[in-house]
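Here are my notes on the model you sent.

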Amino acid sequence: MNWIRFQPLYMERVWGGRNLEHFLGRDLPANRVIGESWEIVDREQAQSRVESGTMTLRELIASDPEGIMGPGWPADRAFPILVKWLDCQERLSLQVHPPASIAPSLGGEPKTENWYIAHSDPGAGLLVGLKAGVTREQFENALQNQTLENCVHRCDVKAGDSILVESGRIHAIDAGNVILEIQQNSDTTYRVYDWGRLGLDGKPREMHIEASLKSIDFEDFEPEVLRNSHGNAELAACAEFRIRKWVLTSEHDALELPAGQDVKLLHVVEGAVRDHETGAVARKGDNLLLPYSFAFALEALGSATVLVTDRFTRQA
């Protein structure tokens with residue numbers, strides 16, 4: 001069996017652009033500002049469809065739940081991960097996702113996510129966590145005075161850097177970044193500040209001040225970005241998922257991903273790879289589902305960098 005590829009769902013965002021056209025070679029909808037490409041999603045309002053047909057991700061899993069997801073997986077359970085490409089041509093809102101402990105009381109879902117920086121313009125950065133020592137009182141005063149940027153920790157980033165953004169961590173993405181976001185299957189975002197920007201409809205976007213203040217971890221100070229190792233590395237290991245990076249060259253042995261260990265996601269962030277068993281090729285920008293019951297052996301076509309996400313069925 002080949003890996004499974006899906007049709008992307010393109011989302012217009014006020015902070016988006018057209019970079020996915022040349023960076024990933026995508027054919028984007030005309031005359032639209034595309035901020036997000038939902039690569040793998042299983043939600044009522046958004047369903048990935050298999051590239052080769054009309055079957056949705058939910059229907060695919062229901063057709064063979066244990067073969068795709070592993071032993072004991074219920075046929076009607078949603079796929080637990082959502083994968084997106086982000087084209088951030090303007091700074092995103094300052095926002096937070098609710099922790100699992102309070103998300104139900106707010107009518108939302110927790111969302112821990114990981115950002116892999118695929119491209120970053122010179123001087124571009126991320127806003128993640130609070131500056132050391134900032135108190136809730138200082139934060140609320142800054143919110144009233146519209147000086148919140150002074151409270152949030154900012155760091156420069158470059159291609160290949162990565163950071164885990166757990167639920168409760170306040171964050172924003174600077175302009176000039178193209179990011180692969182791997183996250184829990186959630187679409188709950190509480191905006192606390194939007195830099196005075198207007199939405200695509202010309203009106204201020206909705207803020208969620210009360211929910212944000214309940215969700216922010218006010219003990220989360222100056223988290224560190226995982227800098228590009230230029231080699232194999234573990235990027236994230238949390239309760240929700242694990243992400244590992246491999247740098248492959250044609251001179252090295254294939255990356256073996258055995259059957260019967262875990263369902264996996266494969267993300268090609270540089271170059272191209274071929275599956276030794278089937279001859280199928282995946283290129284930069286591709287995000288693929290590797291079913292539990294099948295083995296894969298990846299070899300680079302020249303050189304390639306891939307991410308592999310697994311261990312996401314345990315918390316579902």
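This is a predicted model: local features need pLDDT of at least 70, side-chain atom pairs count only at pLDDT 80 or more; totals for chains, interfaces and linings use all residues.

1. L289 belongs to the largest nonpolar core, which has 38 residues. F79, W85 and L289 are the residues with the most contacts inside that core. A second core is separate and has 20 residues. Among them are L127, C151, A172 and F218.

2. **L290, next in sequence.** L290 sits in strand β21, residues 287-290. Its relative accessibility is 2%, and under 20% counts as buried, so L290 is buried. Apart from neighbours within four places in sequence, L290 is in contact with W3, L257, V263, K264, L266 and F296. On the distance side, the C-alpha atoms of L290 and G125 are separated by 32 Å. That pair is 165 residues apart along the chain.

3. **G67.** Helix α3, residues 65-69, holds G67. G67 is buried, with a relative accessible area of 9%. Beyond its neighbours within four places in sequence, G67 is in contact with P291, Y292 and S293. The C-alpha atoms of G67 and L143 are 50 Å apart. Along the chain, these two are separated by 76 residues.

4. **I216.** Is I216 buried or exposed? I216 counts as buried, at 7% relative accessibility. It is a loop residue, placed between α6 and β16. Not counting residues up to four places away in sequence, I216 touches V96, F139, G168 and I170. Q95 is 121 residues from I216 along the chain, yet their C-alpha atoms are separated by 9.0 Å.

5. **K131.** K131 lies in the loop between β10 (125-130) and α5 (136-145). At 33% relative accessibility, K131 counts as partly exposed. Its contacts, leaving aside neighbours within four places in sequence, include the run E149, N150, C151, V152 and H153. F221 and E222 are in contact with K131 too. C151 is one of the residues of the second core. K131 and R191 are 60 residues apart in sequence, and their C-alpha atoms are 19 Å apart in space.

6. **Overall build.** How many helices and strands are there in the protein? There are six helices and 22 strands. The radius of gyration is 20 Å, close to the 20 Å that the globule rule gives for 316 residues, so the protein is as compact as a globular protein of that length. Along the principal axes, the C-alpha atoms fill a box of roughly 60 × 40 × 40 Å.

7. Of the 316 residues, 55% count as buried. Take the contacts with a separation of 6 or more: residues 24 or more positions apart account for 76% of them.

8. **Surface and charge.** The accessible surface comes to about 13700 Å². Carbon and sulfur atoms own 45% of that surface. The protein has 32 positive and 47 negative charges.

9. **Positive phi at N31.** Most residues other than glycine have a negative phi. N31 is not a glycine, but its phi is positive, at about 60°. N31 is found in the loop between α1 (19-23) and β3 (34-40). N31 is exposed, with a relative accessible area of 78%.

10. **Positive phi at H230.** H230 also has a positive phi of about 60° and is not a glycine. Where is H230 placed? H230 is in the loop between α6 (209-215) and β16 (233-237). That loop also holds I216. H230 is exposed, at 67% relative accessible area, whereas I216 is buried.

Key:
Residues are numbered from 1 along each chain as its sequence is written. Side-chain values use heavy atoms; hydrogens and water are left out. A nonpolar core is a set of buried Ala, Val, Leu, Ile, Met, Phe, Trp, Tyr and Cys residues joined through side-chain atoms within 4.5 Å. Buried means under 20% relative accessible area, exposed over 50%, partly exposed in between (1.4 Å probe, protein chains only). Helices (H or I, at least four residues) and strands (E, at least two) are DSSP runs, numbered from the N terminus. The radius of gyration is taken over C-alpha atoms; the globule rule is 2.2 Å times the number of residues to the power 0.38. Contact means heavy atoms within 4.5 Å. Accessible areas come from the Shrake-Rupley method with a 1.4 Å probe; for residues, only the protein chains shown count as cover. Lys and Arg count as positive and Asp and Glu as negative; His and the chain ends are not counted. The place of a charge is taken as NZ of Lys, CZ of Arg, CG of Asp or CD of Glu.
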